[in-house]
Amino acid sequence: MGASREAPIVFLMRFILINFVRLLFLVVLVMVLRAAFGYVARALGGRPAGPVSGASAAGGRGSSGELKKDPVCGVFVSVQSSVKKTIDGEVMHFCSAACRDKFRAA
Ligand SMILES: [Zn+2]
């Protein structure tokens, strides 16, 4: 009679263990599928990622946040690409050498 009382507990423990292992297997399966899907998505959509990273790298290098007004033609030019001339200790920014020469002549 003692053995017959033990059996349901063992069955229950095995039932829980099997369900736990099944759940674990399911989680692993989902992770593997997600990883596989991510790999395929990266392989298919890998090309757009390249130019995006390149553009961000170029933007970081340029740091074109600061704009200066060309005193000759009034155009705003980025400090990075402007034609610079120091006049009375102040750096002036021009859109082109022509504007710089015009300012000097004036
Ligand atoms: Zn100009």
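A residue is buried if 20 or more other C-beta atoms lie within 10 Å of its own, exposed if 12 or fewer, and partly exposed in between, with C-beta atoms placed from the backbone. With that settled, I looked up the burial: buried residues make up 8% of the 106 residues in the protein.

**Ground rules.** I'm working on a predicted model, where local features need pLDDT of at least 70, side-chain atom pairs count only at pLDDT 80 or more, and totals for chains, interfaces and linings use all residues. I number residues from 1 along each chain as its sequence is written.

**Confidence.** pLDDT is the predictor's confidence in each residue, from 0 to 100. The protein averages 82, and 75% of the residues score at least 70. Over residues 53–62 I found pLDDT under 50, and the model has 1 contact there beyond four places in sequence; a contact here is two residues whose C-beta atoms, placed from the backbone, lie within 7 Å. Where pLDDT is low, the predicted coordinates should not be read in detail.

**Layout.** I looked up 3 helices and 4 strands, in the order α-α-β-β-β-β-α along the sequence. Helices (H or I, at least four residues) and strands (E, at least two) are DSSP runs, numbered from the N terminus. Of the contacts with a separation of 6 or more, 20% are between residues 24 or more positions apart.

I checked β3 and β4 next: they pair in the antiparallel sense over 5 bridges (strands count as paired if DSSP finds at least two bridges between them). Lysine 84 has histidine 93 in β4 as its bridge partner. The two strands form a hairpin with 2 residues between them.

Aspartate 88 sits in the loop between β3 (83–87) and β4 (90–94). I noted a positive phi of about 55° there, although aspartate 88 is not a glycine. Buried or exposed, this aspartate 88? Aspartate 88 counts as exposed because it has 5 other C-beta atoms within 10 Å.

**Cysteine 95.** This one is in the loop between β4 and α3 (97–105). I get 20 other C-beta atoms within 10 Å for cysteine 95, so it is buried. Which residues does cysteine 95 touch, not counting those up to four places away in sequence? They are Asp70, Cys73, Val75, Val77 and Ser82. For valine 75, 20 residues apart from cysteine 95 along the chain, I have a C-alpha separation of 7.0 Å.

**Core.** Cysteine 95 also turns up in the largest nonpolar core, which has 5 residues: Val77, Met92, Phe94, Cys95 and Cys99. A nonpolar core is a set of buried Ala, Val, Leu, Ile, Met, Phe, Trp, Tyr and Cys residues joined through C-beta atoms within 7 Å.
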